[in-house]
Amino acid sequence: MSTTRTEEFTPQWLAAREDADARARSRGPLAALAPHAEAVADLGCGTGALARWTAPRLPGVHRWMLFDRDPHLLALAGGGTPLPRVETRLLDLTRLRPADLAGVTLVAASALLDLLTEPQILTLADAVAATARPAWFTLSVAGRVALTPEDPLDAAVAAAFNAHQRRDGRLGPDATDAAIDAFARRHYRATTFPSPWRLGPDPAPVTRMWLRGWVGAAAEQDPDLPLRDYLARRLRQLDQGRLTAVVHHDDLLLMPARDRP
(Lines give C-alpha, C1' and ligand atoms only; values in the text may rest on other atoms or scores of the structure.)
Protein backbone atom coordinates (compact mmCIF):
# COMPACT_ATOMS: atom_id res chain seq x y z
CA MET A 1 0.00 0.00 0.00
CA SER A 2 1.37 3.38 -0.99
CA THR A 3 1.71 6.51 1.08
CA THR A 4 2.97 9.67 -0.61
CA ARG A 5 5.11 9.69 -3.71
CA THR A 6 8.33 10.32 -1.79
CA GLU A 7 7.70 7.78 0.97
CA GLU A 8 6.51 4.75 -0.99
CA PHE A 9 9.84 3.00 -1.30
CA THR A 10 11.97 4.20 1.61
CA PRO A 11 13.64 1.42 3.61
CA GLN A 12 12.18 2.94 6.78
CA TRP A 13 8.59 2.66 5.56
CA LEU A 14 9.14 -0.80 4.06
CA ALA A 15 10.63 -2.01 7.34
CA ALA A 16 7.79 -0.48 9.37
CA ARG A 17 5.09 -2.12 7.28
CA GLU A 18 6.68 -5.58 7.10
CA ASP A 19 4.94 -6.93 10.18
CA ALA A 20 1.55 -5.55 9.08
CA ASP A 21 2.11 -7.13 5.67
CA ALA A 22 3.03 -10.46 7.25
CA ARG A 23 -0.13 -10.53 9.35
CA ALA A 24 -2.31 -9.50 6.40
CA ARG A 25 -1.14 -11.80 3.61
CA SER A 26 -3.58 -14.59 2.88
CA ARG A 27 -2.39 -18.18 3.33
CA GLY A 28 -5.14 -19.30 0.98
CA PRO A 29 -2.98 -19.53 -2.16
CA LEU A 30 -0.13 -21.49 -0.54
CA ALA A 31 -1.41 -25.01 -1.28
CA ALA A 32 -1.85 -24.17 -4.96
CA LEU A 33 1.57 -22.49 -5.10
CA ALA A 34 3.52 -25.27 -3.41
CA PRO A 35 4.07 -27.41 -6.58
CA HIS A 36 5.35 -24.34 -8.44
CA ALA A 37 7.66 -22.74 -5.90
CA GLU A 38 11.06 -24.11 -6.86
CA ALA A 39 12.29 -20.93 -8.58
CA VAL A 40 10.52 -17.66 -7.76
CA ALA A 41 10.83 -14.31 -9.53
CA ASP A 42 10.03 -11.58 -6.96
CA LEU A 43 9.14 -8.44 -8.93
CA GLY A 44 9.66 -5.09 -7.22
CA CYS A 45 11.13 -6.89 -4.23
CA GLY A 46 11.81 -3.85 -2.03
CA THR A 47 13.80 -5.03 0.98
CA GLY A 48 12.83 -8.69 0.48
CA ALA A 49 9.85 -8.94 2.84
CA LEU A 50 7.90 -11.31 0.59
CA ALA A 51 10.82 -13.74 0.48
CA ARG A 52 11.15 -13.67 4.26
CA TRP A 53 7.43 -14.36 4.67
CA THR A 54 7.36 -17.09 2.04
CA ALA A 55 10.49 -19.06 2.95
CA PRO A 56 9.06 -20.89 6.00
CA ARG A 57 5.66 -21.39 4.35
CA LEU A 58 6.77 -22.81 0.99
CA PRO A 59 9.67 -25.08 1.88
CA GLY A 60 10.08 -26.20 -1.73
CA VAL A 61 11.68 -22.89 -2.74
CA HIS A 62 15.31 -23.37 -3.80
CA ARG A 63 15.96 -20.30 -5.92
CA TRP A 64 14.69 -16.77 -5.31
CA MET A 65 15.29 -14.08 -7.93
CA LEU A 66 14.93 -10.52 -6.64
CA PHE A 67 14.00 -7.87 -9.21
CA ASP A 68 14.02 -4.15 -8.45
CA ARG A 69 15.05 -0.91 -10.14
CA ASP A 70 16.53 0.52 -6.92
CA PRO A 71 20.07 -0.78 -6.34
CA HIS A 72 20.00 0.17 -2.64
CA LEU A 73 16.81 -1.79 -1.96
CA LEU A 74 18.12 -4.66 -4.06
CA ALA A 75 21.26 -4.86 -1.94
CA LEU A 76 19.22 -4.86 1.26
CA ALA A 77 16.97 -7.60 -0.07
CA GLY A 78 19.85 -9.73 -1.28
CA GLY A 79 21.46 -9.63 2.13
CA GLY A 80 18.29 -10.41 4.05
CA THR A 81 16.70 -13.29 2.16
CA PRO A 82 16.97 -16.60 4.07
CA LEU A 83 16.99 -19.01 1.14
CA PRO A 84 19.67 -21.33 -0.27
CA ARG A 85 20.07 -19.56 -3.61
CA VAL A 86 19.36 -15.85 -3.99
CA GLU A 87 19.95 -13.77 -7.11
CA THR A 88 19.50 -10.03 -7.57
CA ARG A 89 18.58 -8.38 -10.86
CA LEU A 90 18.52 -4.63 -11.40
CA LEU A 91 15.59 -4.06 -13.75
CA ASP A 92 12.90 -1.51 -14.54
CA LEU A 93 9.79 -3.70 -14.48
CA THR A 94 8.09 -1.56 -17.11
CA ARG A 95 10.56 -3.18 -19.49
CA LEU A 96 10.02 -6.74 -18.28
CA ARG A 97 10.33 -9.32 -21.05
CA PRO A 98 9.77 -13.09 -21.15
CA ALA A 99 13.53 -13.65 -21.35
CA ASP A 100 13.90 -11.99 -17.93
CA LEU A 101 11.78 -14.79 -16.46
CA ALA A 102 13.66 -17.68 -18.03
CA GLY A 103 13.88 -20.61 -15.63
CA VAL A 104 11.26 -19.38 -13.15
CA THR A 105 8.45 -21.62 -11.91
CA LEU A 106 6.45 -18.87 -10.18
CA VAL A 107 6.17 -15.10 -10.60
CA ALA A 108 5.39 -13.18 -7.40
CA ALA A 109 5.16 -9.61 -6.17
CA SER A 110 3.97 -7.67 -3.14
CA ALA A 111 2.32 -4.23 -3.20
CA LEU A 112 3.15 -3.84 -6.88
CA LEU A 113 0.03 -4.00 -9.05
CA ASP A 114 -1.56 -0.77 -7.79
CA LEU A 115 1.56 1.17 -8.78
CA LEU A 116 1.27 0.16 -12.44
CA THR A 117 -0.52 1.74 -15.37
CA GLU A 118 -2.75 -0.27 -17.69
CA PRO A 119 -0.03 -0.60 -20.38
CA GLN A 120 2.40 -1.79 -17.70
CA ILE A 121 -0.11 -4.41 -16.50
CA LEU A 122 -0.38 -5.64 -20.09
CA THR A 123 3.41 -5.82 -20.40
CA LEU A 124 3.55 -7.81 -17.17
CA ALA A 125 0.78 -10.15 -18.31
CA ASP A 126 2.52 -10.75 -21.64
CA ALA A 127 5.81 -11.60 -19.95
CA VAL A 128 4.23 -13.97 -17.43
CA ALA A 129 1.92 -15.65 -19.94
CA ALA A 130 4.87 -16.37 -22.22
CA THR A 131 6.31 -18.54 -19.43
CA ALA A 132 2.96 -20.32 -18.80
CA ARG A 133 3.78 -20.14 -15.08
CA PRO A 134 1.51 -19.13 -12.19
CA ALA A 135 1.57 -15.63 -10.77
CA TRP A 136 0.91 -14.50 -7.20
CA PHE A 137 0.40 -10.81 -6.42
CA THR A 138 -0.15 -9.86 -2.78
CA LEU A 139 -1.35 -6.73 -0.98
CA SER A 140 -2.85 -4.66 -3.78
CA VAL A 141 -4.87 -1.74 -2.44
CA ALA A 142 -8.63 -2.29 -2.62
CA GLY A 143 -9.68 1.32 -2.07
CA ARG A 144 -11.55 0.70 1.19
CA VAL A 145 -10.57 1.83 4.67
CA ALA A 146 -12.72 1.48 7.79
CA LEU A 147 -11.75 3.51 10.86
CA THR A 148 -13.19 3.19 14.35
CA PRO A 149 -14.46 5.52 15.71
CA GLU A 150 -15.92 6.99 12.53
CA ASP A 151 -15.39 10.63 11.55
CA PRO A 152 -17.44 12.77 9.14
CA LEU A 153 -14.33 13.37 7.01
CA ASP A 154 -13.38 9.70 6.58
CA ALA A 155 -15.14 9.26 3.24
CA ALA A 156 -13.64 12.43 1.76
CA VAL A 157 -10.13 11.43 2.87
CA ALA A 158 -10.57 7.95 1.40
CA ALA A 159 -11.83 9.35 -1.91
CA ALA A 160 -8.94 11.80 -2.17
CA PHE A 161 -6.44 9.08 -1.29
CA ASN A 162 -7.86 6.77 -3.95
CA ALA A 163 -7.64 9.57 -6.51
CA HIS A 164 -4.03 10.09 -5.47
CA GLN A 165 -3.37 6.40 -6.05
CA ARG A 166 -4.60 6.86 -9.63
CA ARG A 167 -2.22 9.76 -10.36
CA ASP A 168 -0.09 9.68 -13.52
CA GLY A 169 -2.23 6.89 -14.94
CA ARG A 170 -1.58 4.41 -12.14
CA LEU A 171 -4.39 1.94 -11.59
CA GLY A 172 -4.45 2.16 -7.80
CA PRO A 173 -7.59 0.43 -6.47
CA ASP A 174 -8.51 -0.68 -10.01
CA ALA A 175 -5.35 -2.73 -10.43
CA THR A 176 -6.64 -6.11 -9.29
CA ASP A 177 -9.57 -6.04 -11.70
CA ALA A 178 -7.30 -4.85 -14.51
CA ALA A 179 -4.87 -7.70 -13.85
CA ILE A 180 -7.68 -10.27 -13.73
CA ASP A 181 -8.94 -9.04 -17.09
CA ALA A 182 -5.48 -8.93 -18.69
CA PHE A 183 -4.59 -12.43 -17.55
CA ALA A 184 -8.01 -13.84 -18.46
CA ARG A 185 -7.36 -12.81 -22.04
CA ARG A 186 -4.18 -14.86 -21.80
CA HIS A 187 -6.06 -17.93 -20.54
CA TYR A 188 -5.35 -17.55 -16.84
CA ARG A 189 -7.86 -18.26 -14.08
CA ALA A 190 -7.93 -15.77 -11.19
CA THR A 191 -8.76 -16.29 -7.53
CA THR A 192 -8.74 -13.37 -5.09
CA PHE A 193 -8.15 -13.53 -1.35
CA PRO A 194 -8.75 -10.69 1.15
CA SER A 195 -5.61 -9.52 2.93
CA PRO A 196 -6.60 -6.58 5.16
CA TRP A 197 -4.24 -4.65 7.34
CA ARG A 198 -5.60 -4.40 10.89
CA LEU A 199 -3.98 -1.41 12.58
CA GLY A 200 -4.38 0.11 16.00
CA PRO A 201 -2.59 1.18 19.16
CA ASP A 202 -0.42 -1.96 19.16
CA PRO A 203 1.86 -1.37 17.40
CA ALA A 204 1.17 2.34 17.31
CA PRO A 205 4.27 3.46 15.32
CA VAL A 206 3.23 1.80 12.04
CA THR A 207 -0.35 3.01 12.50
CA ARG A 208 0.95 6.53 13.00
CA MET A 209 3.14 6.30 9.89
CA TRP A 210 0.27 4.91 7.84
CA LEU A 211 -2.16 7.56 9.10
CA ARG A 212 0.21 10.41 8.29
CA GLY A 213 0.84 8.96 4.84
CA TRP A 214 -2.85 8.32 4.14
CA VAL A 215 -3.91 11.82 5.16
CA GLY A 216 -0.85 13.38 3.53
CA ALA A 217 -1.66 11.80 0.17
CA ALA A 218 -5.27 12.98 0.46
CA ALA A 219 -4.09 16.54 1.26
CA GLU A 220 -1.74 16.49 -1.72
CA GLN A 221 -4.62 15.41 -3.95
CA ASP A 222 -7.20 17.85 -2.54
CA PRO A 223 -5.60 20.80 -0.71
CA ASP A 224 -9.05 22.25 0.06
CA LEU A 225 -9.90 19.48 2.51
CA PRO A 226 -9.58 20.64 6.16
CA LEU A 227 -7.18 17.88 7.13
CA ARG A 228 -4.86 19.52 9.66
CA ASP A 229 -7.43 19.24 12.45
CA TYR A 230 -8.58 15.84 11.16
CA LEU A 231 -5.07 14.40 11.41
CA ALA A 232 -4.52 15.91 14.86
CA ARG A 233 -7.83 14.45 16.03
CA ARG A 234 -7.02 11.01 14.68
CA LEU A 235 -3.51 11.01 16.17
CA ARG A 236 -4.93 12.02 19.53
CA GLN A 237 -7.37 9.11 19.36
CA LEU A 238 -4.49 6.78 18.53
CA ASP A 239 -2.47 8.03 21.49
CA GLN A 240 -5.51 7.42 23.69
CA GLY A 241 -5.72 3.82 22.46
CA ARG A 242 -9.10 4.39 20.80
CA LEU A 243 -8.31 4.37 17.06
CA THR A 244 -8.30 1.25 14.89
CA ALA A 245 -8.22 0.91 11.11
CA VAL A 246 -8.91 -1.88 8.65
CA VAL A 247 -7.11 -1.16 5.39
CA HIS A 248 -8.37 -3.54 2.74
CA HIS A 249 -6.08 -5.23 0.22
CA ASP A 250 -6.41 -8.11 -2.22
CA ASP A 251 -4.11 -11.04 -2.87
CA LEU A 252 -4.40 -12.46 -6.36
CA LEU A 253 -3.56 -15.98 -7.55
CA LEU A 254 -3.35 -16.44 -11.32
CA MET A 255 -3.07 -19.95 -12.70
CA PRO A 256 -2.64 -20.91 -16.36
CA ALA A 257 -5.65 -22.80 -17.70
CA ARG A 258 -3.81 -26.11 -17.79
CA ASP A 259 -2.87 -25.80 -14.13
CA ARG A 260 -5.89 -24.82 -12.06
CA PRO A 261 -5.96 -24.83 -8.25
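## A buried arginine

With a relative accessibility of 16%, arginine 63 counts as buried, since the cut-off for buried is under 20%. This is a predicted model, by the way. Arginine 63 sits in strand 2. Leaving aside residues up to four places away in sequence, arginine 63 touches Glu38, Ala39, Val40, Arg85, Glu87, Arg89 and Gly103.

Now to helix 4, which covers residues 71-79. Which of its residues are buried? They are Leu73, Leu74 and Ala77. These three span an arc of only 100 degrees around the axis, so they end up on the same side of helix 4.

As for what covers the buried residues of helix 4, the list includes helix 1 (11-24), strand 2 (63-68) and strand 3 (85-90). At the start of helix 4, aspartate 70 brings a side-chain oxygen to within 2.8 Å of the backbone nitrogen of histidine 72.

## Helix 8 and its two partners

Helix 8 (residues 204-221) meets helix 6 (residues 154-165), with axes that come within 8 Å and cross at roughly 75 degrees. On the helix 6 side, the residues involved are Asp154, Val157, Ala158, Ala160, Phe161, Ala163 and His164. They meet Trp214, Val215, Ala217, Ala218, Glu220 and Gln221 of helix 8. Sorted by class, this contact has 9 nonpolar, 2 polar and 2 charged residues.

Helix 8 also packs with helix 9 (residues 227-239), at an angle of about 170 degrees and with the axes 11 Å apart. The two helices are therefore roughly antiparallel to each other. Helix 8 contributes Ala204, Thr207, Arg208, Leu211, Arg212, Trp214, Val215, Ala218 and Ala219, while helix 9 brings in Leu227, Tyr230, Leu231, Arg234, Leu235, Leu238 and Asp239. By class, the contact of helix 8 with helix 9 splits into 11 nonpolar, 1 polar and 4 charged residues.

Aspartate 114 is found in the loop between strand 4 (106-110) and helix 5 (118-131). Is aspartate 114 buried or exposed? Its relative accessible area is 1%, so aspartate 114 is buried. A polar atom of its side chain lies 3.0 Å from the backbone nitrogen of valine 141.

Leucine 253, in strand 8 (residues 244-256), is buried too, with a relative accessible area of 1%.

Most residues other than glycine have a negative phi, and most peptide bonds are trans. Here are some exceptions. A cis peptide bond links threonine 148 to proline 149, with omega at about 0 degrees, and proline 149 lies in the loop between strand 5 (135-148) and helix 6. Another cis bond joins aspartate 202 and proline 203, where omega is about 5 degrees. Proline 203 belongs to the loop between strand 7 (197-199) and helix 8.

Positive phi values turn up as well. Alanine 111 has a phi near 55 degrees and sits in the loop between strand 4 and helix 5. At 19% relative accessibility, alanine 111 counts as buried. Leucine 139, in strand 5, has a phi near 60 degrees. Leucine 139 is buried, with a relative accessible area of 0%.

How values were computed
Residues are numbered from 1 along each chain as its sequence is written. This is a predicted model: local features need pLDDT of at least 70, side-chain atom pairs count only at pLDDT 80 or more; totals for chains, interfaces and linings use all residues. Side-chain values use heavy atoms; hydrogens and water are left out. Axes are lines fitted to C-alpha atoms, for helices over the stretch in contact, and angles run from 0 to 180 degrees between N-to-C directions. Helices (H or I, at least four residues) and strands (E, at least two) are DSSP runs, numbered from the N terminus. Contact means heavy atoms within 4.5 Å. Ala, Val, Leu, Ile, Met, Phe, Trp, Tyr, Cys and Pro count as nonpolar, Asp, Glu, Lys and Arg as charged, and the others, Gly among them, as polar. Buried means under 20% relative accessible area, exposed over 50%, partly exposed in between (1.4 Å probe, protein chains only). The arc is that of the directions from the helix axis to the C-beta atoms. A polar contact is a pair of N or O atoms within 3.5 Å; within protein, one must be able to donate a hydrogen and the other to accept it, and residues adjacent in sequence count only if both atoms are side-chain atoms. Angles under 35 degrees count as roughly parallel, over 145 as roughly antiparallel, 65 to 115 as roughly perpendicular and the rest as oblique.
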